[in-house]
Amino acid sequence: MTVPVWTQARATGVIPATWQASTIRGGEFSCSVAKENGKPVFLCNLKKGIAYFVIPAPEIKVACPAEFHITMERPEEWSNETILSIKGGRGEPSVWGGGFLGGIRLEYSPGIQTWKSTVNAPDWRKDSRYWLLLELADPGLYKIYSVGTRTLPAGKPYYALRPVPANSVNLFRNSRFPLGLPCGWSTGAVDRDALRVSEEPGPSGERFLILETDVPETPLNSEPFNPADFSRTNYVSFSYRASGKWHARVYTGEGSSFRMKNVDLPPSKEWKRVLLAYRPCENARGHVLQIRGSGRLDLDAVRACDSPERDYKPQNRCEVALAVPENAAAADSRILFDDEKAAVRYLLTGETDQVTIHFRAVNLYGETFELGSSTAPAGFVDFTAALTRRPFGQFRIEAYAEKAGDILSPVNELVVTRIPRPLFWGKDAPHSFFGAIAELDRSLLSMKAAGINHARFHDHGGLQFTGWYAAEPEPGKWKFFDEKIARYRNLNLWILGSFGTTPLWATREAGNRKIADAYQAKWLTPLRLQDFEHYVSKAASHYRNSIRDWGIGNEPWGGYFLDRYENGSWIRSDQNRNFAAYQAAAYRAAKQVDSGLTVAGINATLRNPRWACELHRRKADRSCDIVELHLYSSAWNGFPGDSVTRGIQTSLGEINWGKPIWNTEGQGCASGNLGTPPEPQIGLNFHSISWINRFDFTADADRQMRYLVSNLACGMQRIYLYSGKPWKYVAIMKPAAFSVLEQTDGFPSPQLVAFSALARRVDGRTFQEVFEIASDVWCYLFESSAGTTAVIIPRRFSGKINITCRLADAAAYDLFGNPCEQPFLSGSRLWYLQTSAPAAVLKKALQVQKP
């Protein structure tokens, strides 16, 4: 076995003949092949760094569904960055070359485990070869029993799918839109008022859906569906009117455009009927009707079936539409606060005479509550009966129509989030701990409702409003986005603006049309810092009443601080030295406008531990008020010395910065190496998805809360969760990259409920200490004048214990903020104890005993 010389690594032993090995600088590992029960097993003993293995994948072919898999026994978690991914490219297979097509995080569980996932190699990439990349990052002994790929059989679904009747005339449960967007449907990054319901009826005989937007390629995705027979051509039809530019297709999110090309929808003032034919995809969890474009789109009477009939037919004789009451404070996010009536709207369409509608509710714990029935075709269904023991969480409200024992409608559902009204609803909270990066108007509302009080402008989340490339696209021609920024401020979100990017005219590449539209071009450094300072002064002055906090650039240690474009490559020079001058210029210009502005800098990182130390040596700490760092972690945090603690210490070094520390980008369920979980981030959706949901939403929520608690315990004064923009591209049935607090349809997830519970209990409180209350069970204490919150976090696979508190007013709450009886049986999930007593008193009052 050999590894690149530049790594200066100690890598010994043998690997399979077709594999390649590599590592990072200073890595250390050994490999061998042994036999176990007469079968070969590959062994890798990782002592330091990361071991990479490039493995051929000849079974992967363009536009052909395939599986990649591994069976192994692995060491316990350290960083949880052990990953198997599939890559493709036109060059030689390598660690760093090619493009990422899909991956699996190989998370630790005791014993031998098997992981597998699927990939569709897209035809548009024009890759000539494919390979597996195995990254071993947690130190210890790995026993790999098998690893490889296989082609999936044609016409046979890969995932466990919900059954579909063979004779269904319409696979859509909601084929019309009298109460707006149904559960399971999703839209792109549009303002909340861009989506509405008509006053007059459409071709279905009911009110129709209207989407009006000026954002190009805005998608409207239907609920997912699957055909009964994957081996034959199927069809989707719908009625539309439109102005502007729109097109439609049946979409799977599997990355291959050969499934169905876009069909243009010509502008029309009259209703038109469109029929789309598509070939089902074997390794898709679902198919959606996706309409993309800008302008105005009127949509009605949708149908999916295996017949090329153009006529509209609903699935049954009637449909029950559901929606959150319009007067709810966060109705657009399907959120109801605890001081609002626990009820949802319903409307029966189609046949209504002598029809009875039956209702029930299901909560996050799988408990079911019958809500009675109604013969009124419209009204409200009260779900208070589902709140008796567990008043907070998400509730799936189900409804169906029946007449004389015959079922007349599909089961419809609406997932409603019920949480306490947040501490700072309707008010600014500049000293709050919690922020996010988000753009979708509904996302901002959801996050404020959950307890997020800050928004950082970066990429999709507002950089297009304050970045230099947008503010001064031509010399001296300024553009400001007051209306867009008002969306954030109207929700009382405190903005962390961004002094960053460079218009092409202000770089060394001015006039280079070849790179004019390249994403990297806006991250070129300015030719003259005086021009940059002028922009900072202009932006700081114009927005001084709406933006009081500013960051400088984004990850200048990586691919966001480029010097020039040369011979087809983006060239960097001394990034650290250049950024020190860049930061000083921004700080100087902003403070000249208003000395009360807060300017964050440094941007420390685990990926380059020397970055912050070098900036400190250059005295860059004198040109910022806040030290920024970016830290992601996919590990199970929540104990001293966890991944978050190590990452912060490594990023900041041994320096006493003497300034507040903000984590301005990160999260606890994804990392830069792999941003997606193996399953779509779905909570309670059941009837509105086409596959059997296997996503562990409780574990997902638990992991994110551990990350946040650990950040706060390390002295972080503010944390911005990186939320990504998942729903904009892949609809509901694909795992979403870097999604937080939301599902893949852009509506709240169970994680948002857990965040609401955490924010109410710790925001504004001072971290006091962390101690081990029992073996592998850690207690974090947060104190204020109002009392103390104990966040109790068991390590994974720790034993169960009973914990109680002798204080009379002590109360226990679970991960989602629901009350629990004492003694509380501490298992594998984070939970809370609260009391009005000081932290020291609470600590002494805790008692532990085995169950």
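Predicted model: local features only at pLDDT ≥ 70, side-chain atom pairs only at ≥ 80, totals over all residues.
Q: What makes a stretch of residues a strand here?
A: Strands are DSSP runs of E with at least two residues, and helices are runs of H or I with at least four, all numbered from the N terminus.

Q: Why is His630 called buried?
A: Buried means under 20% relative accessible area, exposed means over 50%, and partly exposed is in between (1.4 Å probe, protein chains only). His630 has 5% relative accessibility, so it counts as buried.

Q: What makes the link between the side chains of His630 and Glu555 a polar contact?
A: A polar contact takes a pair of N or O atoms within 3.5 Å; within protein, one must be able to donate a hydrogen and the other to accept it, and residues adjacent in sequence count only if both atoms are side-chain atoms. The side chains of His630 and Glu555 make theirs at 2.9 Å. Leaving out residues up to four places away in sequence, His630 also touches others (heavy atoms within 4.5 Å), including Arg456, Asn603 and Thr664.

Q: What makes β22 and β25 a pair?
A: Two strands pair if DSSP finds at least two bridges between them. β22 and β25 (residues 393-403) have eight, in the antiparallel sense, and Phe359 has Ala399 in β25 as its bridge partner.

Q: Which strand forms a hairpin with β22?
A: That's β23, with four residues between the two strands, and Gly366 in the turn has a positive phi of about 85°. β22 and β23 (residues 368-374) pair in the antiparallel sense over five bridges, with His358 standing opposite Ser373 in β23.

Q: What does the lining of the largest cavity hold, by class?
A: It has 10 nonpolar, four polar and three charged residues. Here Ala, Val, Leu, Ile, Met, Phe, Trp, Tyr, Cys and Pro count as nonpolar, Asp, Glu, Lys and Arg as charged, and the others, Gly among them, as polar. β19 gives the most to that lining, with four residues.

Methods
Residues numbered from 1 in each chain as written. Heavy atoms only, no water.
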